[in-house]
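Let's look at some of the labels a structure can carry.

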Amino acid sequence: MASQFLINLLIAFLWMFLYDDLSFTRFAAGFGLGLLFIGLLNRFLKRDFYLRKVKAVLVLLLIFIRELFLSSFTVIYQILKPKLTIRPGIVAMETRLKSDGELTLLACLICLTPGTLTLDVADDHRTLYIHAMDIGDAEQLRQQIRSTFERAIMEVTR
Amino acid sequence: MELLLALAVGALFGVGVYMILARSLLRVILGLSLLTHSVHLLLLTMSGLKRGAAPLLGEHAERYVDPLPQALILTSIVISFGVTSLYFVLAYKAYKSIGTDDTEQLRREAND
Amino acid sequence: MVDLLLQASLVLLMLSIAGCMYRLLKGPSVSDRIAALDTIGILLLSMIAVFGMLQGTTVYFDIILVIGIVSFIGTTAFARYIERGAVMEDE
Amino acid sequence: MNEALAIGSAVIVLFGSVLSLFSAFGLIRLPDVYLRSHAATKSATLGVLFILTGAFLYYTFVHDVVSVKLLLGIVFVFLTGPVAGHLNARAAYRTGVRLWERSTRDDLKEALQQERAQAKKQAEIRDKLR
Amino acid sequence: MTNLVVLPLLLPLCTAVLLLFFKEKAILQRLISAAGIAATAAASALLLARAGSDGMQTLAMGGWAAPFGIVFAADFFAALLVTAASVTTGFCLAYAMGTVGPERERFYFYPFLNFLLAGVNGSFLTGDLFNLFVCFEVMLISSYALLVLGGTKRQLKATLGYMLVNIVSSTLFVAGVAYLYGMIGTLNMAQLSARIAEAGSGGMLDVLSVFFLIVFSLKAGLFLFFWLPEAYEAPPAAVSALFAALLTKVGLYALIRTFTLIFPAGHGLAAQEWIAWMAGATMLLGAAGALASKDVMRILNYNIVISVGFLAFGLAVSGEKSLQGAVFYLIHDMAVKALLFLLAGMMIRAAGTGRLDEMGGLIGRLPLVGWMFLVASLAAAGIPPLSGFGGKLLLVQGGLEAGSHLLAGISLATSLVVLYTLVRLFMRAFWGEAPASLPIPAEEARVSRAHTACAAALCLLVVFMGLGSEWMVQASAEAARTLVSPSDYIDAVWKE
Amino acid sequence: MPLLHVLLLLPFLLAAALPWLSRLAPRLHAGWIALAGPLLLLAGFLRLRTAGDGAPLSASMPWMPSLGVNLELRLDGLAMLFALLISGIGALVVLYSIFYLDRRREAVGRFYACLLLFMGAMLGVVLSDHLIVLYGFWELTSVSSFLLIAFWHRRQASLDGALKSLLVTGMGGLAMLAGFLLLGIAGDSLRVSELIGSAEALAASPLLLPAMGLILLGVFTKSAQFPFHIWLPDAMEAPTPVSAYLHSATMVKAGLYLAARLTPLFAGQQLWYGSLTAVGLATLVYGSFRAIKQTDLKALLAYSTISQLGLVTALIGLGSVYPAGSASPYAAYGAAAAAAGLLHLLNHAAFKGALFMTAGIVDHETGTRDLRRLGGLIRFMPVTFAVSLAASLSMAGVPPLGGFLSKELFFGSALNAYRAGEGSLAALLVPAVAWTASAFTFVYSGIFAWRTFGGPARETREAAVHEPSWGLLAPPLVLAAAALLLGLAPALVAPGLLQPALLSMHPAAPDAYGELALWHGVTPELLLTAAVFAVGGLLLYAAPRWAPLHRTIRLPLSWNGMYERLLRGLDAGSEKLTAAYMDGGMRRSAGYIFLALAAFLIVAAAMAGDISVVLSGMAPVTLFEGIAVLALIAATLAVPFAQSRMMAIILTGTVGYMVVLFFVLFRAPDLALTQMIVETVSVTLFLLCFYHLPALKRERVARRTKLASGLIAGAAGLAMTLVALGALSDRKFGSISDFYLRNSYELAGGKNVVNVILVDFRGFDTMLEIVVLGIASYAIYAIIRLKWPGEAEEEGSGLRESEFRLVYEDARSNDVILQTLAKVILFLILTFSLYLLFAGHHQPGGGFIGALMTASALVLMSIAFGVRTIRKALPVDFRIVSACGISLALLTGIGSFAFGKPFLSHAFGYAQLPFFGQNELATAVLFDLGVYFTVVGITMTIILAIGRDK
Ligand code: NA
Ligand code: NA
């Protein structure tokens with residue numbers, strides 16, 4: 001319920017922003033539109049993932065940006081090196097995350113960070129298969145993800 | 001700029017024609033889209049290029065480019081889209097029904 | 001100065017697109033091409049942002065969004081198609 | 001001041017373009033589709049991030065336009081880029097595109113084999129019932 | 001300013017859209033279509049009457065006056081064609097009911113038919129060059145749909161070819177519009193006419209006139225007709241009849257309009273001479289094609305080609321009398337070609353084949369159809385007092401008066417070929433011994449009375465159009481008068 | 001209605017009414033009803049004759065008055081002669097046919113309808129005073145005789161004969177029409193009587209000779225003159241009554257009539273009389289010579305007709321040597337020849353009618369017409385023999401029959417010609433040929449009578465062969481009697497019938513028939529006749545001996561053979577010509593188009609001259625733009641070199657995206673938006689559908705073909721560029737678009753001028769554009785859903801390929817990530833799409849683009865969750881959605897009717913709305929909403945149709 005309200009708000013703001021016109025009427029119009037959509041499409045919406053934990057979100061964001069930059073430069077370095085010395089491979093990783101939203105977020109973050117790529121999700125919604133560009137130690141990779149993204153996400157959602 | 005674009009129009013047109021003269025239906029369809037592109041660029045070229053801002057009055061520019069050809073092109077794009085889709089679906093059906101997208105073979109098969 | 005920098009960016013982006021074109025045409029797998037296509041979409045989107053800056057107008061921002069949406073859906077459709085042989089399944 | 005800000009934003013844009021060029025280079029150079037996917041996601045993330053941010057700053061400071069559309073664009077690209085990459089790479093894997101021969105491990109291979117065997121068995125049962 | 005002008009387009013359009021809601025109800029579809037066509041014909045007739053009594057009728061769409069908005073302009077010529085087209089479509093519709101089969105009826109046959117009429121009428125009425133392109137497209141895409149509906153390999157193949165040609169010609173049309181807009185800066189045909197007259201002839205305008213000549217010749221089947229015989233033989237008779245009656249006529253209309261209004265004769269432009277050459281070649285090649293064909297539809301299709309050349313002859317001469325003849329012949333040809341194709345449809349249905357060497361002795365089973373076919377053949381060949389004669393007379397007379405002896409000779413000679421090929425077709429199909437066995441089951445080969453009656457009504461119309469030629473003569477004279485004086489058109493549509 | 005018109009229309013009306021009338025009396029032979037026609041006509045014309053005071057009778061009825069083409073009829077002496085012949089012999093023929101055609105076995109209704117049509121047409125020809133009307137009836141005689149000849153249409157010979165007659169006479173008719181029209185131009189009238197009045201002025205016109213030549217062609221073909229005679233022998237395939245009619249009073253006589261009718265107009269013209277005489281004489285001798293060798297009774301008669309017609313033609317020719325008022329000392333010869341011609345025409349009508357009827361009787365009784373199988377019939381049918389003897393003798397020119405008189409006059413005219421020719425060789429030929437032909441005539445007349453009736457009986461069918469019924473016998477008897485009467489008492493008809501006719505040809509002619517008598521002393525003519533009898537008798541007697549000789553004389557080229565060869569050659573040539581350029585292939589068609597385009601444009605440019613390319617005043621080029629254009633050209637040029645389908649599609653797509661770039665470069669945001677989406681959809685569609693196609697084969701095309709394609713393509717591209725540059729350099733006027741820029745906001749309430757043009761200024765285009773799109777979607781739906789040949793088996797084979805892979809090979813992958821994301825961005829896209837829709841009037845966007853965005857959101861959902869889920873969530877029929885959209889757009893337009901405004905008039909105002917804020921609210925937006933729904937419906941229809949077809 002709350003998540004739906006959130007989406008509704010989001011749409012209202014979106015509407016306002018799209019017009020570059022921050023007035024109440026625009027907002028109200030957007031809100032009405034949102035109501036319409038949710039009413040129309042509410043069959044898709046199961047339980048969803050929004051609870052406001054602003055701090056946790058910020059932390060997650062920071063972690064992400066840090067990882068993004070660090071790995072980016074590693075990857076660029078690898079690409080530009082005259083000789084390819086990378087050791088790529090696919091690593092399976094069990095996650096402690098439960099909901100689809102969490103899982104998706106994790107997968108996205110893994111993808112977004114250069115050097116790793118979510119290749120597949122097992123049917124049990126627990127195991128992620130990650131293609132990594134340079135694997136020193138598989139367990140280390142898993143640990144790294146668990147300690148950064150997974151934990152931060154759990155902070156946000158639990 | 002007009003000169004360059006006129007050349008581009010000619011190139012698009014010529015290659016489009018060359019593709020239309022091929023045997024594969026897919027090539028024909030691609031040739032048709034090249035031809036369409038050519039004509040749209042031609043419309044744009046013929047109206048004079050870059051003589052002002054985009055024709056949105058909110059831009060408060062002194063001059064705007066000629067909006068009419070843009071409207072015409074838009075109409076033409078939409079119509080071409082509809083027609084090309086239809087043509088494409090037909091070609092696809094022809095392939096599924098006759099088993100080839102070679103126009104020559106198609107002709108032989110259809111006459112049997 | 002600004003124009004020069006932006007023009008340079010455009011040329012760089014153009015070069016990047018050319019690079020993607022290479023992969024697009026070379027393949028070898030369809031997935032390679034899709035990846036290249038997706039990247040081209042993103043580059044095109046960036047280019048249009050730069051154009052907007054050059055022309056000093058905001059009218060192209062819609063196009064940026066549209067390209068984003070369209071290229072995502074296109075990639076999804078392709079990936080789905082090569083994986084399952086159908087884009088939309090009847091189940 | 002304005003000029004400096006404008007140049008600053010333009011430089012950010014240029015930097016983004018350079019990053020894009022790198023990833024394009026990676027797209028050419030890397031040896032298999034999965035690795036190239038890594039490179040491809042780069043322009044979706046860093047390159048476009050810089051370019052759009054540069055543009056956003058440029059409009060904010062030079063034209064006094066706070067364009068939410070641009071921000072939206074960034075958000076959208078960030079949301080969809082990784083998913084697109086994931087779907088594409090998975091499709092590649094499931095249609096049998098080989099890993100680079102110097103890849104070190106493949107945890108998915110076995111899992112997929114099991115999965116397929118099971119699917120086949122189920123299908124056979126379904127056929128028998130028919 | 002009257003909304004009546006747009007009704008010949010609007011009524012079939014609304015009918016078609018209404019039909020979209022009743023996909024599964026064949027009876028309802030038939031009823032609505034019939035009512036729609038009847039209303040269209042009535043509105044067209046009213047428009048014709050108005051155009052006759054009060055002069056040209058115009059309507060500025062959306063209230064935006066020419067040259068900025070799109071203007072519909074019904075001079076007597078356009079109104080005449082619209083009326084003829086609506087009536088002919090009515091006959092084809094009546095024939096189509098029950099012959100096209102439930103599959104087609106379920107898959108939007110009637111909407112397509114109505115859309116086609118809307119496009120045709122729009123093409124006749126519009127006074128805007130680009131809108132003409134759009135109306136063409138409405139007509140063409142409906143024709144593609146009608147052509148392919150039915151699902152035989154032959155239709156598929158024919159549609160692919162037909163569509164290719166038309167897409168190309170439409171693309172060229174847009175290119176022509178681009179060139180003309182670049183030079184003249186407007187799309188309104190009246191203003192184009194006035195501005196071109198002001199600019200004087202020669203140079204690029206000459207080239208552009210030839211460009212438009214190509215575009216419309218392709219649509220009309222003038223000289224560039226090679227796509228036509230294939231395309232028109234694939235669909236069922238009702239559709240073939242409709243195509244034969246209307247589609248090339250729209251191209252011819254565009255040619256006539258363009259080369260009397262925008263690039264008129266006596267303007268120093270070379271186009272008229274080109275048209276003369278193309279007309280001659282079309283008649284001769286069409287005649288050769290008709291002689292060479294051994295299939296009912298094929299022969300009729302080449303006869304379409306011949307008549308296109310014949311009509312273009314009138315445009316090439318461009319005198320008032322020739323144009324009058326062209327208008328007369330145009331109207332006649334709509335009716336008679338529709339009739340011929342409808343009858344051919346019955347013949348093919350009854351014989352189970354369209355190949356002449358497998359047909360014979362049909363007169364025993366279809367006496368009325370046979371005699372109507374003979375009458376239609378004679379009318380097509382311009383045998384007096386049937387409907388083709390007045391037009392032929394005027395055209396040849398106008399040509400001879402203008403000194404086009406060669407073309408007049410060719411047109412007379414080809415009218416002999418028309419007579420020869422059609423009568424030979426009649427003889428081979430209806431006379432002689434019937435083949436020992438039908439290639440199809442007997443119940444499939446049955447021709448219903450309702451369809452014969454429909455053709456008979458059209459046949460009567462053809463006969464009366466000949467016996468009562470005076471009305472046609474006066475109408476075509478009126479139409480020709482509007483054609484030779486572009487200034488009337490310009491004044492009515494757009495005043496500077 | 002004047003009596004003349006009543007008479008003319010009578011046979012037509014009777015023909016039309018005959019089917020109904022005969023249904024009223026089913027057991028009555030339809031001939032009895034038909035007989036009323038000629039009898040009434042005869043009565044009518046006789047009444048007109050007695051009522052008239054000799055002056056021609058004129059009457060007019062409008063047909064196409066504003067063209068001056070009316071049913072102008074004129075009954076003068078000549079017309080009266082023919083009218084009486086037509087109706088008189090017509091009555092006899094109908095009577096004869098009643099007994100000839102079995103009502104139960106033959107389609108007598110059709111027969112009499114055609115016969116009456118024929119009669120009416122022939123009457124029309126002789127009564128018309130208007131050349132166009134005359135032409136009309138002329139063609140009608142061709143058509144009706146065609147129908148009669150083909151009466152027994154199951155027989156191939158009938159069909160061939162009918163078609164031949166139609167072709168030959170139709171050809172002549174068309175030539176004649178051209179001649180008439182030229183004559184009309186030269187003389188400024190199409191009325192015969194008026195033209196004759198201005199004959200002198202006409203003579204000076206340069207059009208006269210061509211007109212005359214063309215008309216002569218009509219005359220010769222119709223009256224079966226050499227070498228156009230070929231249709232006549234084959235016309236004997238008609239039932240004998242028709243032959244009798246066709247040979248004696250109608251059809252062939254129409255040509256003679258026309259020649260006679262135009263004599264006053266063309267008399268004195270060398271081409272006219274020269275060719276009439278020469279062709280007539282040639283026909284005379286050729287026909288008589290050929291008649292001798294015939295073995296079929298009717299064929300013999302047919303050739304005899306040809307010969308006799310040649311005789312009359314020659315006489316008419318001789319009769320038109322001297323124009324009216326000529327000062328020549330021989331001027332009187334003209335009228336004399338014409339008089340002879342008319343008399344012989346009458347004689348021929350009588351004896352030929354009788355002969356054909358007796359031939360029919362013989363055929364009817366013995367079942368054969370073969371002279372080799374006939375003989376000795378005199379014993380079984382003496383009356384018939386008497387009739388045919390009389391007719392034959394008249395034909396042979398034996399006194400005291402009518403034929404003798406006209407033969408004498410003919411010899412007289414031939415000798416006159418010799419005299420007038422003053423000893424020239426050509427002039428000597430006339431009597432020489434006349435005499436020779438007369439000798440042959442004597443021979444074949446003898447053959448006809450002797451071989452049929454004389455000698456021993458050949459067939460042993462005596463039991464069956466006997467004198468026919470009175471009905472069959474009476475008509476020939478009457479005609480034979482007439483033949484005899486014409487010889488014994490020519491005065492009965494000459495002053496009342498022939499002299500007025502002669503006056504129509506020679507208005508100033510003296511009484512030509514006054515001295516007509518069987519005996520007027522020993523004259524050169526009589527001597528010639530005696531010699532004919534002597535030589536002819538000898539030849540007839542010796543016939544068995546020299547007949548084989550005749551058979552060995554093979555003409556080097558037979559005219560029939562030439563006709564056959566001409567037709568076959570025409571067919572073969574046409575086939576060859578047509579096959580040479582029509583191969584039914586798309587490539588050829590397209591090649592022709594572009595070849596024509598390039599050639600036409602280049603020739604037009606070369607002819608127009610005065611074309612220059614001015615490069616000044618063009619927009620400047622920046623580095624990037626230059627590179628972009630070059631890249632576009634490079635990408636374009638690369639397309640044909642693509643080796644695989646995918647490559648070709650991708651390259652083309654690239655070109656499309658570069659076009660998007662150009663739209664951005666040249667300030668067209670709406671275009672860029674639209675093109676972007678459209679291109680993506682197209683490319684996706686292409687790739688999806690063609691992915692599974694077999695690899696693109698290397699085009700197995702000869703290098704020559706490729707080169708030709710390349711040349712055509714290059715020329716076409718070059719032409720387009722050059723025309724563009726030429727047009728750019730020769731701008732004549734500025735654009736009208738300032739109006740839109742100035743008034744878009746004030747008058748139409750929108751800031752996005754392109755959008756305002758689309759939905760308001762040129763909203764009509766847009767309305768039709770969505771209609772086009774709608775039709776396309778319905779068509780696609782229909783194409784996909786219809787059953788196609790070749791697909792049926794695939795359906796039957798159970799699982800389709802994709803399903804197969806799904807079930808057996810692959811476990812479905814987990815879609816959780818896509819689905820989760822889709823739920824989020826769905827709203828984003830939908831919102832954005834509506835924004836595009838509503839902002840479109842002021843910003844880039846609009847109904848079309850908004851709709852495509854909505855559709856892409858739906859597509860995303862379909863991809864992520866499957867079509868069925870979408871159907872459940874959105875249970876609407878998208879085809880209905882697009883129909884609703886079109887309806888909405890239409891209704892917005894029609895709404896203006898209610899306010900008395902033009903279609904599609906929009907209103908706008910500024911309104912404060914609870915949800916949408918301060919808005920310039922234009923009904924145009926409503927229209928755009930219609931566009932939106934239409935496009936959503938259409939796009940989804942297409943996508944779902946194709947998506948489910950997989
Ligand atoms: Na727009
Ligand atoms: Na718009």
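The questions and answers below set values from this predicted model against their definitions.

Residues are numbered from 1 along each chain as its sequence is written, while chains are lettered from A and ligands numbered from 1 in the order in which they are written. In this predicted model local features need pLDDT of at least 70, side-chain atom pairs count only at pLDDT 80 or more, and totals for chains, interfaces and linings use all residues; side-chain values use heavy atoms, with hydrogens and water left out.

Q: Why is F:Asp670 called buried?
A: Buried means under 20% relative accessible area, exposed over 50%, and partly exposed in between (1.4 Å probe, protein chains only). F:Asp670 has 3% relative accessibility, so it counts as buried.

Q: And why does F:Gly845 count as buried?
A: Its relative accessibility is 8%, so F:Gly845 gets that label. F:Asn755 is buried as well.

Q: Which protein atoms are donors of the sodium ion (ligand 2)?
A: They are F:Asn755 (ND2) and F:Gly845 (O), at 2.0 to 2.1 Å. F:Asn755 sits in helix H31 (residues 753–761), and F:Gly845 in the loop between helix H35 (816–839) and helix H36 (847–865), 90 residues apart. The two sodium ions are 1.9 Å apart, and F:Gly845 coordinates both.

Q: Why is the pair E:Asp128 and F:Arg762 called a salt bridge?
A: The term asks for a side-chain nitrogen of Lys or Arg within 4 Å of a carboxyl oxygen of Asp or Glu. The closest N and O atoms of E:Asp128 and F:Arg762 are 2.7 Å apart, and the pair forms a salt bridge. Between chain F and chain E the count is 4 salt bridges.

Q: How many residues of chain F are in contact with chain E?
A: With contact meaning heavy atoms within 4.5 Å, 113 residues of chain F are in contact with 126 residues of chain E.

Definitions and conventions: Donors are N, O and S atoms within 2.8 Å of the metal (3.2 Å for Na, K and Ca); water is not among the atoms, so sites may look incomplete. Helices (H or I, at least four residues) and strands (E, at least two) are DSSP runs, numbered from the N terminus.
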